[in-house]
Amino acid sequence: MGQDKDKATHISRMFKLNEAPTFYPTTEEFSNPYDYIKKIQPSAENFGICKIVPPKLLSPETYLNLKSSARRPVKTSQSDTVPVMKNEEYIAQLFQYHSDSGQPIYKPPHLDHKPVDLYKLRTEVAQRGGFSKVVTTEKKWAEVGRAMNYSGKTCTSLSNSLKTMYSKFVMPFELHISNSESSSPLKRPLDDSGDARMNHIHDDPETDSINSDHSRSMLLCDGCNRGFHIYCLRPPLKKIPKTDWFCPQCLGEVEGFRLSGDVASLYTFQKDADKFKAKWFEDKRNGRRKSLNRITRDEIEEEFWEVMENGYQDLKIENISNLPTAQYGGGFPTVEKNPSEEDVFFSWNPNVIALLPDCLFSHIKSNIPELVSPRLNAGMCFSSSAWRQEPHCTYLVDYMHIGEVKTWYSVPASDELKFTTAAREFLSNSVKQEADFPFCLHAMISPKVLIDNSVEVFAVDQQQGEIVITFPGSYHASFSHGFNLGESVNIATSDWHRFGQSCVNRYKEYRKSPYFSHDNLLVTIANDDQSIRTAVWILMDFLCRLRHALREMVDRELESRNEVRANISPLREVIDSTDYPMSSLQCSYCHAFSYLSSLGCECGNTTLCPDHFEHQCECEAIRKYFRLRWSDDELKDMARKVEERADIPVEWVRKLQNALLNNPIPSIEMLKVLLVDAENIPVEIEEAAYLKQFIERAEQWSGQAHKVISRHHSDFVISPEFSLDDTYISELISEAAALNLNSPEVEFLDQLEQKIQGFKSKVDAVVADGNADIEELRKLYTLGSSFDVNIKELSLLENLIRKKDWYRSAQATHDNPHSTDVAKELVNAAKEHEIPE
């Protein structure tokens, strides 16, 4: 693994932004996404974002046919048609519309103790001619009710209830859709100057008070019809644009788009995107189109921010955003459609990654497709995604299948406060209309604005086949350099908890509806997953090891309960562990899920979390109750049991420490038994990792020692690659002392070294004496050879014996002369043995 610093540095990046890191994992490192993210996190988290270049390039064309006849809705700045929506789409967008309108639906309407299917209500009314016909002409509300399986016998006010629900929830959204069907979203008469923008905003008391001079500087948004003074914009405009202009909210809107507009295949969308880019960058000097290959990234980035600052300039930017791949298809294989494909269980497959056991979302039993289901995203040149945090501050994993570069900007979690402060100042008057602020902005704030406010901003360019990871708590935005197609999904690693709980608290503060209950997640893991790995995660944050998440939850809950008990009397407490739908447990005030306890009333009008007990209804106290999912003692017991499971690794460490205390020089066999016990504990223990390294080195030492010992066995065949000398034996003994080993091999080597040292001392004495008998020398040589070890004194002794032999032969030749040949041989031998003349 590593970051290629040369490739990670972008030359002359606009705004002089620093580049976020790029990582190039090996095939082995890339095999487990959660292990790899954990590995790169320390060096990447401070950037808020990073890019991963996989060792294996996937082939999305295998699973996604751009020319497919399947037609997918495209999000566009100007809508023409409204495709037929499925139930899930319709309900999701209806809820989104009411939320954007400032009247969110916190709890689905109920009838006959069952939630009303608003999509079916809309369909049944439409089939009977629409609202006006059903109401004024044929009065078929009872018929609609029967079609929805309601009975007048159980619902005494069936017709009136359905009519009210339709008027309150369905009709405003239907009118919103019908008003958006015109290809020109706003039709306004021109004033004397011929510019529709300078009209006043009708029915707006604020603009009614604006004097004529200011009204001449009022700019109307072509998307939402809201008015803005040109000198109040950031940056301010010098004059009213002659072309269409969109406010920051409409300009950067992504999440707020409904599935409307031109319906086309991805192939057609790509062709249109290519044509748009070529036309936009047409060489104005000679009228010829500039080759797309000659347009640099810097040129596109500079042009994008010029467009952002000066308005759309009669542009029609289209993009496909957050389409569920389960419905519209994706670029990766699925078990349902491609069970035999090689990559169907690939761990980075968006259909798989959020469902792996290492993802905390795998413990959530409720359906949260907004997070764990892959979403398809496609864009064209200048398509953008405004600044946002991921829901619940989760990780985002985004893979680009095909297409041109997408530039990402990121603000790390450490600068979250600076970012929101700068964004609030930038948005100024429109911030109150930002329903999702500060979690999701509807504006592309320039990095320069953020940098000027001391906010750290980083950038990275994503190309096809590459993965972008955004880290919890960071803000990010992006724009496309041309047509591209990607797929994204959210995940939660074991370190995410510290951000998750903080995000839930902020949701509560801003009265934003969460996607799931954080307390429910903790309790589910604690009760359903009995593994020690899970227990340790609950009790110990990896970066703040003393924070006990489950204990904090219990302490917080008990404190809230006691606060309620101290302020409400009498109080009827009810232990009720029924698994109610999460929507029925949502606090009417802050919209948080009151999973562990809630205040309710028999009237059914309000459900409150313990923190907002003061907002109870006006009913009699006898009708109110305090629902507890578990008693106080049961909650404490739940935390205690998890703590006991989490203590198992601690107990193992104590066992290891006691073993070393009682046995200063422990045997390898005893340590192996302890290591086996540690390996049966499904959590990483630092001491166990050290013990494993020690045992591996000790076994390696033991293997080397056995080679020495085996040389002394008669049936041992000496390997020519293995050379043994007395220095090697000394090093083995020194290493054994450093490892503090206690084994028979150490004793054998000690004895062998003592014998060798004794032999070397005798040789030194013989050499120093110089008068030793040759037979004595030969006995000493035989002793040294018996060690089967290369000892330099053996060579010295061998040379001394040869010299003694030569002197004896020379003396014999002198006493009994032989031929000249024998004399010559003695002379040559003298030279070989370095015997002086």
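**Entry 1: helix α24**

I began with what covers the buried residues of α24, and found that α23 (632-662) and α25 (686-710) are included in that cover. I note here that the model is predicted.

Next I looked up α24 itself. The helix runs over residues 668-679, 12 residues in total. I read 16 Å from its first C-alpha to its last, close to the 16 Å expected at 1.5 Å a residue.

Which residues of α24 are buried? I listed I668, L671, L674, L675 and A678. Seen down the axis of α24, these buried residues fall within an arc of 120°, so they line one face of the helix. I recalled that an α-helix has 3.6 residues a turn, so residues three or four places apart point the same way. I then checked the other side of α24, where E669 and V673 are exposed.

**Entry 2: E557**

I moved to helix α22 (residues 549-567), where E557 is found. Is E557 buried or exposed? I found E557 buried: its relative accessible area is 6%, and buried means under 20%. I left aside the neighbours within four places in sequence and looked for contacts. E557 touches L596, S597 and L635.

**Entry 3: nonpolar cores**

I looked up the largest nonpolar core and counted 45 residues. F382, W387, F419, L441 and L450 have the most contacts inside this core. I traced where its residues come from. Among the elements that each supply at least two are the helices α12 (266-280), α13 (297-310) and α17 (416-427). Strands on that list include β11 (318-324), β12 (375-379) and β13 (384-388).

How values were computed: Residues are numbered from 1 along each chain as its sequence is written. This is a predicted model: local features need pLDDT of at least 70, side-chain atom pairs count only at pLDDT 80 or more; totals for chains, interfaces and linings use all residues. Side-chain values use heavy atoms; hydrogens and water are left out. A nonpolar core is a set of buried Ala, Val, Leu, Ile, Met, Phe, Trp, Tyr and Cys residues joined through side-chain atoms within 4.5 Å. Buried means under 20% relative accessible area, exposed over 50%, partly exposed in between (1.4 Å probe, protein chains only). Helices (H or I, at least four residues) and strands (E, at least two) are DSSP runs, numbered from the N terminus. Contact means heavy atoms within 4.5 Å. The expected span of a helix is 1.5 Å times one less than its number of residues. The arc is that of the directions from the helix axis to the C-beta atoms.
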